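This briefing concerns the fold and the packing of one protein chain. Please consult the sequence and the structure shown here alongside the points below.

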Amino acid sequence: MIQCTEFDEYSYQEMISFLPLFSHPKPQRVLIVGGGDGGVAREVAKHPLVEIIDQVEIDERVIELSKIYLPFMAQGFDSPKVNLHVADGFKFMEEHFQYYDVIITDSSDPIGPAVSLFQKSYFELMKRALRQGGIVCSQADTFWGHLKNSTSMHNHCKEIFAKAAYATSYVSTYPAGQIGFALGSLDENTDFSNPVQKLTNQQRKDMKLRYYTTDIHKAAFALPAFVIDALDDSENNLLL
């Protein structure tokens with residue numbers, strides 16, 4: 001769960017949700033791990049093809065406080081599509097073999113208890129929980145000052161999934177003003193930079209999107225040269 005404000009939180013919530021959702025041809029079942037503020041659930045529920053959203057948050061207090069202090073995000077829990085589970089994400093996925101089309105991990109940074117969500121074993125568990133052609137998207141830190149974290153996440157996806165990519169978004173109140181996303185697909189033909197579902201301007205307005213557009217989706221994969229070189233270096237001295 002990223003620290004951001006009502007001023008800019010949508011830039012994070014929309015991108016971590018719609019980068020994977022619009023890269024999948026039919027995302028019906030979605031799992032959100034973390035995201036106790038409800039912001040990702042709010043966005044995922046807007047997708048017309050999504051039928052079931054399982055939200056797994058380990059800390060019930062996060063949900064309670066978000067409903068009080070972050071109601072503009074916690075409204076995501078009100079969607080009839082959302083099934084909210086206060087549970088451990090690892091154990092929950094172990095009980096759902098080849099079930100989900102998309103898994104989104106909205107975690108805090110890799111410090112303390114969140115470290116496990118940045119490790120290879122977690123990505124292997126997500127793969128096991130996906131249906132054929134499934135896609136994952138995880139918060140992957142900022143490449144400004146934390147490039148090893150970003151490359152680590154990307155390399156986990158490259159090792160485990162048929163196709164991997166790293167995307168970026170601007171979040172002004174996040175440290176460095178940038179946050180990244182590690183994406184992986186079981187389908188080797190997935191082209192993350194070319195979404196299979198494209199929004200018209202009217203569709204975007206109907207969904208009340210404030211940041212995501214089809215062009216922004218494509219541009220999210222245009223990265224600085226030093227990031228491209230780091231992501232291409234499989235021998236990188238990884239932190240995680």
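This is a predicted model: local features need pLDDT of at least 70, side-chain atom pairs count only at pLDDT 80 or more; totals for chains, interfaces and linings use all residues.

Residues are numbered from 1 along each chain as its sequence is written, and side-chain values use heavy atoms, with hydrogens and water left out.

**Overall fold**

- The chain has ten helices and seven strands; these are DSSP runs numbered from the N terminus, helices being H or I with at least four residues and strands being E with at least two.
- The radius of gyration of the chain (taken over C-alpha atoms) is 16 Å, close to the 18 Å that the globule rule gives for 240 residues, so the chain is as compact as a globular protein of that length. The globule rule is 2.2 Å times the number of residues to the power 0.38.
- The C-alpha trace spans about 45 × 40 × 35 Å along its principal axes.

**Sheet**

- Seven strands form an open sheet with mixed pairing, in the order E3-E2-E1-E4-E5-E7-E6; two strands pair if DSSP finds at least two bridges between them.
- Strand E3 (82–86) and strand E6 (163–170) stand at the edges with a single partner strand each, so one side of each has no neighbour in the sheet.
- From one strand to the next, the twist averages 15 degrees.
- E6 pairs with strand E7 (residues 178–185) in the antiparallel sense over eight bridges, and Ala164 stands opposite Gly184 in E7.
- Helix H6 (residues 120–129) lies across strand E1 (29–34), strand E4 (100–106) and strand E5 (130–139), and runs at about 145 degrees to E5. Axes are lines fitted to C-alpha atoms, for helices over the stretch in contact, and angles run from 0 to 180 degrees between N-to-C directions.

**Helix H7 with H6**

- H6 and H7 pack with their axes 10 Å apart, at an angle of about 45 degrees, which makes H6 oblique to H7. Angles under 35 degrees count as roughly parallel, over 145 as roughly antiparallel, 65 to 115 as roughly perpendicular and the rest as oblique.
- In this contact (heavy atoms within 4.5 Å), Lys120, Phe123, Glu124 and Lys127 of H6 meet Met153, His156, Cys157, Glu159 and Ile160 of H7.
- By class, the contact of H6 with H7 comprises four nonpolar, one polar and four charged residues. Ala, Val, Leu, Ile, Met, Phe, Trp, Tyr, Cys and Pro count as nonpolar, Asp, Glu, Lys and Arg as charged, and the others, Gly among them, as polar.

**Helix H7 with H10**

- The axes of H7 (residues 147–160) and H10 (residues 225–232) come within 9 Å and cross at roughly 45 degrees, which makes H7 oblique to H10.
- Leu147, Ser150, Thr151, His154, Asn155 and Lys158 of H7 meet Phe226, Val227, Ala230, Leu231 and Asp232 of H10. The contact of H7 with H10 has five nonpolar, four polar and two charged residues.

**Loop residue Ala176**

- Ala176 is found in the loop between E6 and E7.
- Ala176 and Gly145 are 31 residues apart in sequence and 8.4 Å apart in space, C-alpha to C-alpha.
- Leaving aside neighbours within four places in sequence, Ala176 is in contact with Thr142 and Trp144.
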